[in-house]
Amino acid sequence: MAEELCRLSLSEVSSLLARRRVSPVELTEAYLHRIAARDGDLNAYITVDEAGALAQAREAEARLARGEGGPLTGAPLALKDLLATHGLRTTCASRILENFVPPYDATVCARLRREGAVFLGKVNMDEFAMGSSTEHSAFGPTRNPWNRECIPGGSSGGSAAAVAADLCAAALGSDTGGSIRQPASHCGVVGLKPTYGRVSRFGLVAYASSLDQIGPLTKTVRDAALLLNAIAGHDPRDSTSLLAPAPDYLAALGRDLAGLKVGVPREYFGEGVDPDVEAAVKAALNTLAGLGADLVEVSLPHTAYAVAVYYVVAMAEASSNLARYDGVKYGFRGPAGNLREMYAQTRTRGFGEEVRRRIMLGTYTLSAGYYDAYYRKASQVRTLIRRDFEAAFQRCAVLAAPVAPTPAFRLEEKLDDPLTMYLSDIFTISVNLAGIPGISVPCGFSAAGLPIGLQILGPPLGEPQIFTVAHAFEQATDHHRRRPEF
Amino acid sequence: MALTRDEVAHVAELARLSLGPEEIDRFTRQLNDILAYVRKLAEVDTRETPPMAHVVPVATPFREDRVEAGLPRDLALDNAPAREEGAFVVPRVI
């Protein structure tokens with residue numbers, strides 16, 4: 001019984017809780033038991049907060065008994081370990097924050113707490129969200145529940161693996177260049193990156209502030225809408241959060257696709273795309289057409305420059321954001337006799353190699369004499385990438401494309417070759433540069449049995465039409481019902 | 001326009017990173033690979049294109065100038081590697 005409870009979607013759990021068919025404590029205990037028994041094989045969790053989760057579950061129970069529950073009251077969730085949780089260690093998968101206990105909640109965590117959600121714990125990621133494989137974690141790599149020799153994707157690999165392996169009902173991650181959508185695709189779950197500014201970034205440890213966005217990783221599209229309902233909306237503590245009121249995203253589910261125009265960007269197919277991925281995505285396009293959508297070919301001509309733009313912009317912002325880790329106010333402090341040495345020892349020993357590499361690249365491209373050639377140039381091409389999407393959305397309501405050019409690769413396969421690793425983000429990165437929303441939904445499997453995701457993109461604040469299309473696709477297929485043997 | 005080993009060492013100094021000789025060698029190679037790739041941006045004609053630092057046209061949001069509770073000093077110091085008499089402690093500067 002306990003094992004079956006863990007397999008339910010967030011919406012199913014929500015419904016059972018509301019009807020008092022299961023108690024939040026029973027549910028939380030089932031998950032904690034499963035995590036204790038199984039997570040040793042995956043390493044999805046960095047911190048499991050047994051006591052905190054049970055306390056939240058008991059509170060949720062009391063609230064439901066009073067008839068004051070909401071849809072997330074008692075729902076057991078996992079949080080990417082870069083979201084500040086009051087009183088609960090938040091490491092960013094880094095030695096430098098290994099013992100950091102935030103004195104406040106990120107806005108998304110505060111909102112979920114108010115809803116009565118249960119936080120099972122904090123999940124693994126690439127250090128400071130810098131990576132595509134969850135191998136760059138000071139706490140060791142997370143493994144893919146579909147094949148433990150493979151990466152789960154990254155940087156929100158712990159979130160995706162925990163959802164796929166039924167180690168939580170749903171999770172939050174963050175997406176700077178594909179870090180929600182790519183692991184969702186590799187683990188066969190749903191992952192949404194909202195429009196930039198739709199969800200408050202207050203309390204999200206900053207990587208590249210003009211690109212970072214928090215979003216849900218879930219078992220179904222409905223679950224993603226349910227979770228986005230709880231976290232979307234303006235926050236006076238994040239001056240980049242949008243003022244536009246957030247609609248009820250559940251209302252977008254169940255709509256008809258007849259006559260809806262779905263753009264197919266020609267640059268996202270062909271050379272470099274694994275044949276299994278191409279076949280699964282093309283079959284998905286046929287499914288959408290069968291549901292009444294009109295497929296139109298569109299072009300995003302600057303796609304080939306997106307990775308180059310991203311690695312200039314993101315690393316420049318990262319080198320600036322990570323300047324705050326100096327060993328003075330919080331975090332690890334390196335041993336040293338004088339202040340300057342202390343900074344260097346703190347940062348050299350505290351940051352892992354990928355983080356050091358990105359800080360180096362960002363420091364270089366922002367340094368005197370190189371700014372125009374790199375940062376300014378990249379920011380100009382970023383404008384062109386945004387305009388590509390604006391032009392495409394004149395002709396269609398959403399775009400449909402692959403999430404990643406290949407299924408999950410093997411552990412250590414790309415670890416020694418950073419540029420190759422960066423290039424695996426080619427289909428997700430433009431979306432962050434343009435600030436638009438995108439979702440990954442399961443759309444098939446490779447010959448080796450690894451999941452493949454379909455990416456659906458919308459214009460700014462186009463989450464409702466993304467949900468409409470993703471949900472219609474999901475209901476017409478059964479890829480999301482196939483689960484890893486884990 | 002290749003990045004030299006000395007330049008990499010200088011950038012490390014600017015970033016307050018203390019890299020060993022092996023890591024400087026490795027970073028010199030890897031950063032040059034990445035920068036060579038990034039230089040394909042030069043192909044794009046951007047003479048008429050304004051740069052975009054941010055996707056949301058952000059106006060400075062104003063709010064009422066009202067005193068709100070801040071983080072109490074003890075809590076702010078809780079995560080400090082070294083503290084004394086309500087202050088952060090660092091190695092001597094002068």
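Colleague: At what angle do the axes of helix α3 and helix α4 of chain A cross?

Modeller: This is a predicted model, where local features need pLDDT of at least 70, side-chain atom pairs count only at pLDDT 80 or more, and totals for chains, interfaces and linings use all residues. Residues are numbered from 1 along each chain as its sequence is written, and chains are lettered from A and ligands numbered from 1 in the order in which they are written. The axes of α3 (residues 24–38) and α4 (residues 50–65) of chain A cross at roughly 155° and come within 8 Å. Axes are lines fitted to C-alpha atoms, for helices over the stretch in contact, and angles run from 0 to 180 degrees between N-to-C directions. Helices are DSSP runs (H or I, at least four residues), numbered from the N terminus.

Colleague: Why is α3(A) called roughly antiparallel to α4(A)?

Modeller: Angles over 145 degrees count as roughly antiparallel, under 35 as roughly parallel, 65 to 115 as roughly perpendicular and the rest as oblique. The crossing is at roughly 155°, so α3(A) is roughly antiparallel to α4(A).

Colleague: Which residues of α3(A) meet α4(A)?

Modeller: Pro24(A), Val25(A), Thr28(A) and Leu32(A) do, and their partners in α4(A) include Ala53(A), Leu54(A) and Arg58(A). Residues are in contact if their C-beta atoms, placed from the backbone, lie within 7 Å. Ala, Val, Leu, Ile, Met, Phe, Trp, Tyr, Cys and Pro count as nonpolar, Asp, Glu, Lys and Arg as charged, and the others, Gly among them, as polar.

Colleague: What makes α1(B) and α2(B) roughly perpendicular?

Modeller: Helix α1 (residues 5–14) and helix α2 (residues 21–38) of chain B pack at an angle of about 105°, with axes 9 Å apart. That angle belongs to the perpendicular class, so the two helices are roughly perpendicular to each other. Arg5(B), Val8(B) and Ala9(B) of α1(B) make the contact with Ile24(B), Phe27(B), Thr28(B) and Leu31(B) of α2(B).

Colleague: How many residues does each chain give to the contact between chains A and B?

Modeller: Chain A gives 54 residues and chain B 40. On the side of chain A, α13(A) supplies the largest share, 11 residues. By class, that side has 29 nonpolar, 16 polar and 9 charged residues.

Colleague: How many residues of domain 1 of chain A are in contact with domain 3 of chain A?

Modeller: 20 residues of domain 1 are in contact with 17 of domain 3. The centres of these domains, taken over C-alpha atoms, are separated by 28 Å. The domain bounds come from an automatic or database domain assignment.

How values were computed: Contact = placed C-beta atoms within 7 Å.
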